[in-house]
Amino acid sequence: IKIGEDVEMTDSVTELFNELVDDGHDADDLQAFIDDHGKSNFNDYIEEYIQAVDEHGEEVVESFLEIFNIEDIGSLSDSYQGQYDSGAEFAQSIVNDCYTMDMPSWVEVDWKATWDNLDYDYTEGSGGHIFSQNW
């Protein structure tokens, strides 16, 4: 029985793979996805993966997948907060966006410490990409 399931899965993977190649997707990229995430995940997540790459770019998707699992790819759009030079820069941005504070120029805020306080809700991926951990 298990052999039959494997053959069926392989047939469905091959069918989807060929459909995507016919639609103009690069066969090497599709094979790389299978190599990285497996055949069953190819069937389940390749279309969401392709959509995420189209919407956010490959760098953002790869940064997301360094932190989260392929099963989470559908949440990338909800999770992605943008690209920043540092977590501290993101912390400053979120405070400025959420609160109207006109601070005098002589006031200094420890944005690194503020970022450290946000680490239960946000995480920084490679390339300075920030993701919410709550979607």
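1. The axes of α6 (residues 87-98) and α7 come within 8 Å and cross at roughly 85°; axes here are lines fitted to C-alpha atoms, for helices over the stretch in contact, with angles running from 0 to 180 degrees between N-to-C directions. Helices (H or I, at least four residues) and strands (E, at least two) are DSSP runs, numbered from the N terminus.

2. The contact (heavy atoms within 4.5 Å) is made on the α6 side by Gly87, Ala88, Phe90, Ala91, Gln92, Ile94 and Val95, and on the α7 side by Trp111, Lys112, Thr114, Trp115 and Leu118.

3. This is a predicted model, in which local features need pLDDT of at least 70 and side-chain atom pairs count only at pLDDT 80 or more, while totals for chains, interfaces and linings use all residues. Residues are numbered from 1 along each chain as its sequence is written, and side-chain values use heavy atoms, with hydrogens and water left out.

4. The count comes to one salt bridge, defined as a side-chain nitrogen of Lys or Arg within 4 Å of a carboxyl oxygen of Asp or Glu. Asp116 pairs with Lys112, their closest N and O atoms being 2.7 Å apart, and both residues lie in helix α7 (residues 111-118), four residues apart, about one turn of the helix. Asp116 is partly exposed at 36% relative accessibility, as is Lys112 with a relative accessible area of 48%; buried means under 20%, exposed over 50% and partly exposed in between (1.4 Å probe, protein chains only).

5. In helix α4 (residues 58-67) the buried residues are Val60, Val61, Ser63, Phe64 and Leu65, and these pack against α2 (27-37), α3 (39-56), α5 (76-79), β1 and β3 (129-132). By contrast, Thr100, in the loop between α6 and α7, counts as exposed at 83% relative accessibility.

6. On confidence, the protein chain averages a pLDDT (the predictor's confidence in each residue, from 0 to 100) of 90, and 93% of the residues score at least 70. The mean is lowest in helix α1 (residues 2-22), at 73, and highest in strand β1 (residues 80-83), at 98. Over residues 1-8 the pLDDT is below 50, and this stretch has zero contacts in the model beyond near neighbours in sequence. Where pLDDT is low, the predicted coordinates should not be read in detail.
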